[in-house]
Amino acid sequence: MKKKLVVSVALIIMTLFAFLAGCGINASKSASTNSVTQVNESSRTIRTDGNNSAVLKPPTSAKELPGDQELFDSYVYSVDKLRAHYKDVIVLDARKQEEYDKGHLPNAVRAHWTDWSNVSVKQDSGKWGVIYSNHKLAELFGKLGIDGKKPVVIYSDTQNGWGEEGRQLWTFRVFGLTNTYILNGGIKAWKDAGGEIVTDNPKVKAVAPPKPNPNPDLFANTEYLAERLGKVNILDTREDEEFAGTKNYGEKTNGRIPGAKHIWFKDFYHADGTLLTPAETRARVEALGYKTSDEIVLYCTGGIRSGFTTILL
């Protein structure tokens with residue numbers, strides 16, 4: 001599986017709804033005025049337990065291809081690899097402060113996705129959840145001791161979280177720090193392997209901020225998608241009920257973007273919280289008629305779940 005073209009994320013769905021429907025911005029050469037549609041779900045079962053719903057079983061048709069393991073290793077650390085290189089990496093906890101305080105990996109620094117994003121504006125403003133400028137991100141990274149020289153390994157609670165580790169990794173990769181990884185299985189896998197959990201707050205030594213080397217291929221805005229509706233693959237990574245139009249988390253309109261297909265972000269995990277293999281991920285996406293080598297624009301509500309999924313593709 002090779003990420004050959006743009007795999008875009010951070011589309012704030014409530015903004016996109018407003019944009020495509022012409023609410024405040026004159027939009028759309030390729031979209032109708034009523035561009036957000038509900039879904040006829042008569043042919044599929046809709047899971048109704050929200051973020052706690054059971055994940056789908058991995059595809060049985062998955063076939064490994066040459067280069068799959070190298071691709072996986074380019075964004076994932078196993079628990080064993082982290083153990084072997086612990087003193088040589090920076091460990092980043094992507095959970096909220098209260099979760100971190102209950103117990104975290106030794107010497108882990110902490111940064112939730114909201115620490116690196118603009119959440120001070122109204123959720124329906126079109127700017128909520130957008131990552132900060134590269135200049136501000138560099139300053140925040142430096143304060144955490146991240147200068148781009150040491151690898152950074154990010155973890156969260158993969159079974160109960162919202163893909164925060166993937167959102168943080170996506171932010172690093174957009175900024176241009178490529179020696180950044182997620183811990184496969186998160187804190188649960190670390191505990192299950194007998195890894196130490198501590199409650200102390202490590203002393204963090206600030207360093208000179210890293211220099212950005214932005215990767216624009218990982219980001220798309222509402223204008224980009226509006227101009228390409230009907231011409232580009234669109235993947236909705238929200239819950240089944242959100243996709244079906246029966247639930248939302250703050251969007252002005254229920255439903256989905258026209259032409260979007262659906263894979264809930266957690267269906268890229270196994271039931272134990274570890275990631276699907278590249279072959280399993282490829283099979284899951286190709287079952288929709290998409291190819292992982294194609295351009296795919298992903299969205300959710302604030303770019304957390306879609307940020308996670310972008311990294312896997």
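This is a predicted model: local features need pLDDT of at least 70, side-chain atom pairs count only at pLDDT 80 or more; totals for chains, interfaces and linings use all residues.
User: What makes it a cavity rather than a pocket?

Analyst: The term cavity is used because a 1.4 Å probe fits at its points but cannot get out, whereas a pocket is an open set. A search of the whole structure finds one cavity of 30 Å³ or more.

User: Which residues line the largest cavity, and what makes three of them charged?

Analyst: The lining is Arg47, Gly50, Ser53, Glu239, Asp240 and Trp264. Asp, Glu and Arg count as charged, so Arg47, Glu239 and Asp240 go in that class. By class, that's one nonpolar, two polar and three charged residues.

User: OK, and what about the largest pocket: how much space lies in it?

Analyst: About 440 Å³. Of its 20 lining residues, Lys96, His112, Trp113, Trp162 and Glu164 are the closest to the centre. The lining splits into six nonpolar, eight polar and six charged residues.

User: Moving to His262, why is this residue called buried?

Analyst: Its relative accessible area is 10%, and buried means under 20%, so His262 qualifies. You'll find His262 in strand β10, residues 261–262.

User: How do you know that the side chain of His262 makes a polar contact with Arg238?

Analyst: The side chain of His262 reaches the backbone oxygen of Arg238 at 2.6 Å. The cut-off for a polar contact is 3.5 Å, so this pair falls within it.

Conventions. Residues are numbered from 1 along each chain as its sequence is written. Side-chain values use heavy atoms; hydrogens and water are left out. Helices (H or I, at least four residues) and strands (E, at least two) are DSSP runs, numbered from the N terminus. Buried means under 20% relative accessible area, exposed over 50%, partly exposed in between (1.4 Å probe, protein chains only). A polar contact is a pair of N or O atoms within 3.5 Å; within protein, one must be able to donate a hydrogen and the other to accept it, and residues adjacent in sequence count only if both atoms are side-chain atoms. On a 1 Å grid over the protein atoms alone, a cavity is a set of points where a 1.4 Å probe fits but cannot get out, and a pocket is an open set with protein on both sides within 12 Å along at least five of seven lines; lining residues have an atom within 4 Å of a point. Grid points are joined across faces, edges and corners, and a volume is the space filled by probe spheres set on the points.
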